[in-house]
Amino acid sequence: MSTSATPPAKKLVDDFSLEMTGKDVEALEAAAHLIPQGTRINVTFLGNEDLDMRTNAAASVRRLGFDPVPHISARRISSESELTDFLQALKEAAAPTKVFAVGGDPETPMGPYEDSLSLIETGLFPQYGITEVNIAGYPEGTPVIADDVLWDHLQRKDRALKEQGLDGIILTQFSFDTDPVTQWISDVRNHGVDLTIRVGVPGPAGIKRLLNYAQRFGVASSAGIAKKYGLSLTNLLGTAGPDRFINDLASELTEASGDVKLHFYTFGGLSATAEWIQDFRR
Ligand SMILES: NC(=O)C1=CN([C@@H]2O[C@H](COP(=O)(O)OP(=O)(O)OC[C@H]3O[C@@H](n4cnc5c(N)ncnc54)[C@H](O)[C@@H]3O)[C@@H](O)[C@H]2O)C=CC1
Ligand SMILES: Nc1nc(=O)c2c([nH]1)NC[C@@H]1CN(c3ccc(C(=O)N[C@@H](CCC(=O)O)C(=O)O)cc3)CN21
């Protein structure tokens with residue numbers, strides 16, 4: 001159950017995107033009737049899945065009438081041929097026009113690509129039918145990368161994409177607090193970056209799971225933030241959804257925020273998220 005969306009929040013939820021893992025193909029089939037045709041569905045690049053699972057998941061997204069956005073994690077790619085094999089397999093199975101290029105959590109790159117800029121700079125994406133590259137954004141920063149490095153790379157990726165005639169979108173790490181998000185959106189614009197921003201929000205999920213992921217990814221979840229979001233620290237068995245977060249965010253955005261949309265991290269709850277969104281928009 002969720003509280004309902006304010007009118008600006010309804011607008012913000014339009015054209016949302018979702019995320020699935022390579023293990024979620026059956027879950028996507030079950031949830032498909034709840035999701036508008038053409039919706040962007042991202043396919044994660046987790047370390048415990050292989051290229052076939054990811055390709056197969058992207059193919060199911062396409063087959064069910066959605067727009068696949070496969071993730072490519074630079075540091076998890078062991079060779080150039082692994083990258084081109086993956087791009088070729090994706091093209092044949094799912095014909096994606098969009099990818100999410102991200103650095104990847106491994107401390108040391110497993111092959112020739114240290115970061116997402118190196119993936120973009122291979123110039124390979126347009127050769128495989130990709131017209132839009134999504135890149136990561138961190139409203140709260142991220143523990144392993146210094147802020148000045150993040151800003152520098154954001155600007156360089158923006159420029160590299162424009163030079164290749166590729167569209168770009170920023171997809172953000174999830175957050176439980178809208179304050180750093182709205183501040184960061186304004187900072188992005190002040191850095192001269194005009195790309196559409198998809199703010200990452202968790203779908204409804206168990207509080208324990210949400211707090212675990214937050215800790216793993218360096219997302220703030222202090223008692224004050226948890227309370228504001230609706231995460232009860234005394235009821236870890238409960239669940240929490242992003243209704244307050246989305247209503248707050250919608251009320252804090254201004255003309256100067258530019259184009260802002262939402263991306264839902266489903267964390268194993270694809271159907272629950274799709275149902276939650278339907279309910280929230282009603
Ligand atoms: N936001 C998201 O949804 C996701 C984020 N990530 C993680 O976010 C981090 C950065 O990715 P991007 O923003 O695309 O950065 P990026 O690829 O644009 O790299 C920016 C700078 O940070 C360095 N860097 C990247 N990953 C690093 C790491 N794991 N450890 C130490 N230095 C690193 C790069 O060498 C480069 O100098 C990675 O750890 C990535 O795995 C991973 C999956 C999803
Ligand atoms: N730094 C960083 N690294 C990431 O890998 C990452 C982020 N940030 N931000 C959020 C996204 C979304 N992420 C995830 C991570 C795990 C599942 C997942 O479904 N994992 C399990 C099943 C669920 C569970 O048991 O918790 C799996 O099957 O592997 C989904 C999305 C990874 N992502």
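Analyst: The crossing of helices H3 and H4 is right-handed. This is a predicted model, and in it H3 covers residues 51-63 while H4 covers residues 80-94. Their axes lie 8 Å apart and meet at an angle of about 30°. Angles under 35 degrees count as roughly parallel, and H3 and H4 are therefore roughly parallel to each other. On the H3 side, the contact is made by Leu-51, Thr-55, Ala-58, Ala-59, Val-61 and Arg-62. H4 contributes Phe-86, Ala-89, Leu-90, Ala-93 and Ala-94. By class, nine residues of this contact are nonpolar, one is polar and one is charged.

A second pair is formed by helix H7 (residues 178-190) and helix H10 (residues 243-252). Here the angle is about 35° and the axes are 10 Å apart. The crossing of H7 and H10 is right-handed. Thr-178, Val-181 and Thr-182 of H7 make the contact with Phe-245, Asp-248, Leu-249 and Glu-252 of H10. These residues divide into three nonpolar, two polar and two charged.

Two further helices, H5 (116-121) and H6 (147-163), each give two or more residues to the shell around ligand 1. That shell has 17 residues, and the closest are Gly-103, Asp-105, Asp-115, Ser-116 and Ala-136. Sorted by class, the shell around ligand 1 holds seven nonpolar, six polar and four charged residues.

Methods. Residues numbered from 1 in each chain as written. Chains lettered and ligands numbered in written order. Predicted model: local features only at pLDDT ≥ 70, side-chain atom pairs only at ≥ 80, totals over all residues. Axes fitted to C-alpha atoms, helices over the stretch in contact; angles between N-to-C directions. Helix = DSSP H or I, 4+ residues; strand = E, 2+ residues; numbered from the N terminus. Parallel < 35°, antiparallel > 145°, perpendicular 65-115°, else oblique. Left-handed = near helix turned anticlockwise from the far one by under 90°. Contact = placed C-beta atoms within 7 Å. Nonpolar A, V, L, I, M, F, W, Y, C, P; charged D, E, K, R; others polar. Near = placed C-beta within 6 Å.
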